[in-house]
Amino acid sequence: SMIYILADAMDIDENDIVFDASMEDGCMKKTVSNTKFRARYHDFAFTSLQNGLKNTYEWFKENYDDIRK
């Protein structure tokens, strides 16, 4: 699930994750299509979710002092 992918990107031990079953389980599903995007940019190289999250988290850690002012 998404939480485990995010935990991996942030080097969080999966055993430290605790789910609260008394809370809502997220938003309703939104179905989207990238058909128009792919038609226009057919050579676009997508980044995997795992790599994108890792890169974003690393950037955040490196820039935290500058962006949290």
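The model is a predicted one.

## Overall form

Along the sequence the pattern reads α-α-α. The chain is more spread out than a compact globule, because its radius of gyration is 17 Å, well over the 11 Å that the globule rule gives for 69 residues. The C-alpha trace spans about 40 × 35 × 25 Å along its principal axes.

A residue counts as buried when its relative accessible area is under 20%. Of the 69 residues, 6% count as buried. The accessible surface of the chain comes to about 6,900 Å². Carbon and sulfur atoms account for 53% of that surface.

Charge is next. The chain carries 9 positive and 13 negative charges. Their mean positions lie 14 Å apart.

## The loop between H1 and H2

Helix H1 covers residues 2-9, and helix H2 covers residues 35-40. Asp11 is found in the loop between them. Asp11 is exposed, because its relative accessible area is 61% and the cut-off for exposed is over 50%. The backbone of Asp11 also deserves a look. Its phi is near 55 degrees, a positive value in a residue other than glycine.

Asp11 belongs to a patch of negative charge on the surface.

Asn15 has its place in the loop between H1 and H2. Asn15 is exposed, with a relative accessible area of 69%. Ala21 lies in the loop between H1 and H2 too. At 78% relative accessibility, Ala21 counts as exposed.

Ala21 and Asp11 are ten residues apart in sequence and 24 Å apart in space. Asn15 and Ser33 are 18 residues apart in sequence, and 35 Å separates them in space.

## From H2 to H3

Phe44 has its place in the loop between H2 and H3. At 44% relative accessibility, Phe44 counts as partly exposed.

Lys61 is found in helix H3. Lys61 and Phe44 are 17 residues apart in sequence and 28 Å apart in space.

Side chains of opposite charge can pair when their charged atoms come close. The structure holds one salt bridge. Glu58 forms it with Lys61. The closest N and O atoms of Glu58 and Lys61 are 3.2 Å apart. That distance meets the criterion, because a salt bridge needs a side-chain nitrogen of Lys or Arg within 4 Å of a carboxyl oxygen of Asp or Glu.

Both residues lie in helix H3, which covers residues 49-67. Glu58 and Lys61 are three residues apart, about one turn of the helix. Glu58 is partly exposed, with a relative accessible area of 32%. Lys61 is partly exposed as well, at 42%.

## Accessibility side by side

The table sets out relative accessible areas for residues named above.

| Residue | Relative accessible area | Class |
|---|---|---|
| Ala21 | 78% | exposed |
| Asn15 | 69% | exposed |
| Asp11 | 61% | exposed |
| Phe44 | 44% | partly exposed |
| Lys61 | 42% | partly exposed |
| Glu58 | 32% | partly exposed |

Asp11, for one, sits in the loop between H1 and H2. Phe44 sits in the loop between H2 and H3. Glu58 and Lys61 both lie in H3.

Key:
Residues numbered from 1 in each chain as written. Predicted model: local features only at pLDDT ≥ 70, side-chain atom pairs only at ≥ 80, totals over all residues. Heavy atoms only, no water. Patch = residues over 30% accessible without salt bridge, like charges linked within 9 Å, V, L, I, M, F, W, Y side chains within 5 Å. Areas by Shrake-Rupley, 256 points an atom, 1.4 Å probe, with all protein chains shown as cover. Lys, Arg positive; Asp, Glu negative; His and termini not counted. Charge placed at Lys NZ, Arg CZ, Asp CG, Glu CD. Helix = DSSP H or I, 4+ residues; strand = E, 2+ residues; numbered from the N terminus. Buried < 20%, exposed > 50% of the residue type's maximum accessible area, 1.4 Å probe, protein only. Rg over C-alpha atoms; globule rule 2.2 N^0.38 Å.
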